[in-house]
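I opened my notebook with the model on screen. These are my entries on what I looked up.

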Amino acid sequence: QLQLVESGGGLVQPGGSLRLSCAASGFRLDFYAIGWFRQAPGKEREGVSFISSRGEITHYRDSVKGRFTISRDNAKNTVYLQMNSLKPEDTAVYYCAARSTYSGSYYSEYEYHFWGRGTQVTVSS
């Protein structure tokens with residue numbers, strides 16, 4: 001069984017924080033780069049953040065820069081997304097995905113072979 005499982009989502013007020021976790025089972029996560037994606041109702045799924053297999057390269061979409069931080073602990077086979085100063089527009093289902101190839105595009109979904117089922121993040125007062 002090869003899977004990614006997201007956790008840490010929930011309901012928070014604007015300005016609040018959440019830390020999402022992406023835990024891998026059945027494979028070694030240290031061989032894979034990880035992307036966090038999100039999809040809000042009626043919108044296309046979009047890339048949020050990226051981290052390379054060793055953690056030396058990270059990327060964030062402009063709208064989350066300075067608020068979100070991606071990190072990984074390969075010893076725990078887990079990747080994290082710390083989300084601070086959350087806004088209502090951050091409301092979405094958040095997915096993590098793993099890729100072993102790199103095309104030069106951080107969020108090329110076809111290169112992400114393993115996907116989690118998502119965790120709901122709702123930012124509302």
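**Charges over rings**

I started with Arg 45, which lies over the face of Trp 115, at 4.1 Å from the ring centre. A charge sits over a ring if NZ of Lys or CZ of Arg is within 6 Å of the ring centre and within 35 degrees of the ring normal. I then checked Tyr 95: the charged end of Arg 45 sits over that ring too, 5.5 Å from its centre.

**Ground rules**

I noted that this is a predicted model, where local features need pLDDT of at least 70, side-chain atom pairs count only at pLDDT 80 or more, and totals for chains, interfaces and linings use all residues. Residues are numbered from 1 along each chain as its sequence is written, and side-chain values use heavy atoms, with hydrogens and water left out.

**Aromatic rings**

I looked up ring pairs next. Rings of Phe, Tyr and Trp (its six-membered ring) pair if their centres lie within 6.5 Å; planes under 30 degrees apart count as stacked, over 60 as edge-to-face and the rest as tilted. By this rule I have nine aromatic pairs. For Phe 50 and Tyr 106, the ring centres are 4.9 Å apart and the planes stand at 55°, so this pair is tilted. The pair links distant parts of the chain, 56 residues apart. Phe 50 is in strand 5, while Tyr 106 is in the loop between strand 9 and strand 10 (112–115). Strands (E, at least two residues) are DSSP runs, numbered from the N terminus.

Is Phe 50 buried or exposed? Phe 50 is buried, with a relative accessible area of 4%. Tyr 106 counts as partly exposed at 24%. My cut-offs: buried means under 20% relative accessible area, exposed over 50%, partly exposed in between (1.4 Å probe, protein chains only). Both rings belong to one aromatic cluster, formed by Phe 37, Phe 50, Tyr 106, Tyr 107, Tyr 112 and Trp 115.

**The disulfide**

I searched for disulfides (a pair of cysteine sulfur atoms within 2.5 Å). The count came to one. Which residues does the disulfide join? Cys 22 is joined to Cys 96, S to S 2.0 Å. Cys 22 lies in strand 3 and Cys 96 in strand 9, so the pair ties together parts that are 74 residues apart in sequence. The torsion about the S-S bond is about 75°, so the disulfide is right-handed. Cys 22 is buried at 0% relative accessible area. Cys 96 is buried at 0% as well.

**Nonpolar cores**

A nonpolar core is a set of buried Ala, Val, Leu, Ile, Met, Phe, Trp, Tyr and Cys residues joined through side-chain atoms within 4.5 Å. The largest one here has 29 residues. Those with the most contacts inside it are Leu 4, Trp 36, Phe 68, Leu 81, Met 83 and Tyr 94. I listed strands that each supply at least two residues of this core, including strand 3 (18–25), strand 4 (33–39), strand 9 (92–99) and strand 11 (119–123). Apart from this core lies another, of six residues, among them Phe 37, Phe 50, Ala 97 and Tyr 112.

**Tyr 94 and Arg 38**

What does Tyr 94 touch, not counting residues up to four places away in sequence? Its contacts (heavy atoms within 4.5 Å) include Trp 36, Arg 38, Phe 68, Leu 81 and Met 83.

I followed Arg 38 from there. Arg 38 is in strand 4 and is buried at 5% relative accessibility. I checked for polar contacts: a pair of N or O atoms within 3.5 Å; within protein, one must be able to donate a hydrogen and the other to accept it, and residues adjacent in sequence count only if both atoms are side-chain atoms. The side chain of Arg 38 makes one with the side chain of Glu 46, at 2.8 Å. Another, of 2.9 Å, joins the side chains of Arg 38 and Tyr 94.

**Loops**

Asn 77 lies in the loop between strand 7 and strand 8. Asn 77 has a positive phi of about 55° although it is not a glycine. Asn 77 is buried, at 16% relative accessible area. Ser 85, in the loop between strand 8 and strand 9, has a positive phi of about 50° and is not a glycine either. Ser 85 counts as partly exposed at 40%.

Key
Helices (H or I, at least four residues) and strands (E, at least two) are DSSP runs, numbered from the N terminus.
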